[in-house]
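Here's a quick briefing to read with the model open beside you.

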Amino acid sequence: MAKVTIDGISVEVPDGTTILQAARMIGGDIVPPTMCYHSKLKTSGGYCRTCIVKVTKGSEKDPRPMPKPVASCRTTVMDGMEVQNLTSPDLLEARAGVVEFLLINHPLDCPVCDQAGECDLQNLAYENGKAGTRYEFPRREFERIDIGDKIQLHMNRCILCYRCVKTADQVTDGRVHGVINRGDVAEISTYITNAIDNDFSGNMIDVCPVGALTDKTFRFKSRVWYTKPMDAHCKCTKCSGKVRLWYKGEEVLRVTGRRDQFGEVTDWICNECRFEKKKTSDWTIEGPAHIDRDSVISANHYESLKALKADIDRQRKALPHGDKVTLGHGALDPNNQ
Amino acid sequence: MGRKLLLENDHIEGIRKLDVYRKHGGYSSLEKALKTMTPEQVVEEVKASGLRGRGGAGFPTGMKWSFIAKPAGVPRYVVCNADESEPGTFKDRYLMERIPHLLIEGMIASSFALGARTSFIYIRGEYFYVARILEQAIAEAYEAGLLGKNIMNSGFDHDCYVQVGAGAYICGEETALIESLEGKRGNPRIKPPFPAVAGLYGCPTVVNNVETIAAVVPIIKDGGAAYASIGVGKSTGTKLISASGHINKPGVYEIELGVPVEEFIYSEQYCGGIRNGKKLKAVVAGGSSVPILPADLILKTAAGESRLMTYESLADGGFASGTMLGSGGFIVMDEDTSIVKNLWNFTRFYHHESCGQCSPCREGTGWMEKILHKILDGNGTLADVDLLWDIQSKIEGKTICPLGDAASWPVASAIRHFRSEFEEYVRNGKSIKDVKHYFRLHQVAEA
Ligand SMILES: Cc1cc2nc3c(=O)[nH]c(=O)nc-3n(C[C@H](O)[C@H](O)[C@H](O)COP(=O)(O)O)c2cc1C
Ligand code: SF4
Ligand code: SF4
Ligand code: FES
């Protein structure tokens, strides 16, 4: 066991735990944001650098601080380690820098992006970024590619988190896509626009933190916050059969894997469950899914409005003269979009 | 006169050939190691020599060797880093081209010390003709029983292979090199684990620079103590310096560590002074990634002491007033050089060479290049200079591998020491006299 202290809160964790996992055990605001780490994917993490933290004391044995911020998702704790996340202004500034880097070439086309509302990059930018950009050059552009009949790749939005590559390696029976080229022209691509056609390929859509890989059977059917997530299951011979159905009225618009509170998929599902079973009668419904990460989805539906109010309060306080800002009548009415 | 340990025989006709190399004492170190020493004794001599990695970081080689894990039944590998791609560095090429057997001998001896049955020389794609030279040398060595089974009847078996890269600077970073050697995309690995524990094919691996491995030969020959008697303090032995830029005698020089920088630049023995009688303006002392220093700070430390060609003296003053010995790529600039233009060129390089794995380096290097471009085009503002400073500070230390730092340091040091030049570009833009040359470069870059 090792004792680690993050932002002044101590926790005992098994040896080999990462700083990120330890922070998640503590929970709350001190959990560093993540974009490329995914708990179900081996060797994920380390790329995006959003989860960086400052290690102010290496361990009880060797108390020296670490000279540079470290990726919390890939750094294991040592007994006696002390870590700063929210309590270090330098670190928050460095993280804001990472967020800025992730956004300078991002098209910011949220209004026409299917991921909007459940996008990790939106959440990240909203919580850790800065208003406005200092980037004044043309953004990088790629052609949109259909990789197979179910998935569309919109490379402009990709943040090269490598999650889809690891999913293809670890979950499907053969990877036919990967990263080609290097630097800021690196891109996700298939071998000569090969179709990604494989029983589990749809999971790549779920692990993609942004709108780079989207479900063609769902494209533009609805904004996600107009849909209601329901957990459901079926007896499937290929996968766990544990899914999330997204309803608009009586209609199932899409089927996805379930995610945990950090937005990471808990059970991989097969393409048949994802793309073929879009009738309520295909499923045993368990009940409404709880989502507290993407507030627009949850607040629009079943959750109490408390969380949303708190969130709006927080935004308001961040504004100059925010305390004087009042919300218009009905602003918190879920039917008022 | 400085002693030469590596390039002592480089001028000898036919030294590339095994018989000539052996006539001049070649492979006697290997013989000594195989016949009279245990592997541990070789490691001890390397430790005693104080040899430090010549690839750039200067990490003590003996210490690196003693870290290698030795689990039973698991092969170990020695890998030679011949990717030499840092702008301004061309010493490894010279050594391999001239005296390939020195490297081969070093590879076999190092592999004996580390218990490696197999070793690889990973060489950059642009050096394909050097790869051929190495392959010929290896073929000769096999024929003479210096490679293969039961080398010199010692019972030690060893195979050495040359692998040509595809031309990527990043494949010089040791874990990207290992990935590339395994046939994968050359992305640096996230450490730990370090190669000494899990390197090539997951096995314990030592990666060393060409010059480091070559230096093992004289260390075995004369002993670690003799090697350590050359140099100053923790900078022992000799070092190959690739001297380029506005000097009278560019080339590769073997120096005893500790030569004063001033002597290195101005003496006839080395660079022979600044070309065309011009004045010295600045030096990049250890390959393009190390901080640039203006003439006064490269010749003397901030405390006014004469600066020496050693790891410690060049680093004296930290980044505020010092730099690094790095890989020994010594780039000299005369008074007519545009620091901003040169920086743009370096930054363009790092932008082009970033592997793209981590966000700060992938996005930041290109952003910096674009801003420098804008400044050179005469469209920059003073705020752009501050923005550049801020961007480099947000890349440095936040990336997976040191390429992010390598891209940041030139920017930071150029602004730190030559801010007024950036301001001049902002004010005068295109009227600056070297702009024609810049446009030529610019067109090449876009073609
Ligand atoms: C971007 C990058 C490029 C590098 N290129 C080289 C290279 O071309 N040759 C080299 O010997 N070391 C290079 N290095 C350093 C290697 O990672 C490694 O430290 C070195 O090969 C170790 O050998 P040494 O201890 O003998 O110096 C590079 C490092 C980085 C981060
Ligand atoms: S397509 Fe999505 S999952 Fe794949 S690397 Fe890009 S952002 Fe990550
Ligand atoms: S710092 Fe640059 S080169 Fe190194 S891993 Fe990150 S993106 Fe690749
Ligand atoms: S989540 Fe840790 S680096 Fe991306």
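The space that ligand 2 takes up is the second largest cavity. A cavity here is a set of points, on a 1 Å grid over the protein atoms alone, where a 1.4 Å probe fits but cannot get out, and a molecule sits in one if more than half of its atoms lie within 2 Å of its grid points.

Some ground rules: this is a predicted model, where local features need pLDDT of at least 70 and side-chain atom pairs count only at pLDDT 80 or more, while totals for chains, interfaces and linings use all residues. Residues are numbered from 1 along each chain as its sequence is written, chains are lettered from A and ligands numbered from 1 in the order in which they are written, and side-chain values use heavy atoms, with hydrogens and water left out.

**Ligand surroundings**

- Among the residues around ligand 2 are Cys158(A), Leu160(A), Cys161(A), Cys164(A) and Cys208(A); to be near, a residue needs a heavy atom within 4 Å of the molecule.
- By class, that shell around ligand 2 has twelve nonpolar, no polar and no charged residues. Ala, Val, Leu, Ile, Met, Phe, Trp, Tyr, Cys and Pro count as nonpolar, Asp, Glu, Lys and Arg as charged, and the others, Gly among them, as polar.
- Ligand 3 has 13 residues around it, and the closest are Cys355(B), Gln357(B), Cys358(B), Cys361(B) and Cys401(B).
- The ligand 3 shell splits into eight nonpolar, five polar and no charged residues.

**Helix packing**

- In chain A, the axes of α2 (residues 89–104) and α3 (residues 120–128) come within 10 Å and cross at roughly 140°. That makes α2(A) oblique to α3(A); angles under 35 degrees count as roughly parallel, over 145 as roughly antiparallel, 65 to 115 as roughly perpendicular and the rest as oblique.
- In chain B, α17 (residues 382–395) packs on α18 (residues 403–428) at about 165°, with the axes 9 Å apart, so α17(B) is roughly antiparallel to α18(B).
- Helices are DSSP runs (H or I, at least four residues), as are strands (E, at least two), numbered from the N terminus.

- Most residues other than glycine have a negative phi, and most peptide bonds are trans.
- Leu160(A) is not a glycine, yet has a positive phi of about 50°; look for Leu160(A) in the loop between β7 (151–153) and α4 (163–170) of chain A.
- Lys191(B) and Pro192(B) are joined by a cis peptide bond, omega about -5°.
- The bond from Pro192(B) to Pro193(B) is cis too, with omega near 0°.

Notes:
On a 1 Å grid over the protein atoms alone, a cavity is a set of points where a 1.4 Å probe fits but cannot get out, and a pocket is an open set with protein on both sides within 12 Å along at least five of seven lines; lining residues have an atom within 4 Å of a point. Axes are lines fitted to C-alpha atoms, for helices over the stretch in contact, and angles run from 0 to 180 degrees between N-to-C directions.
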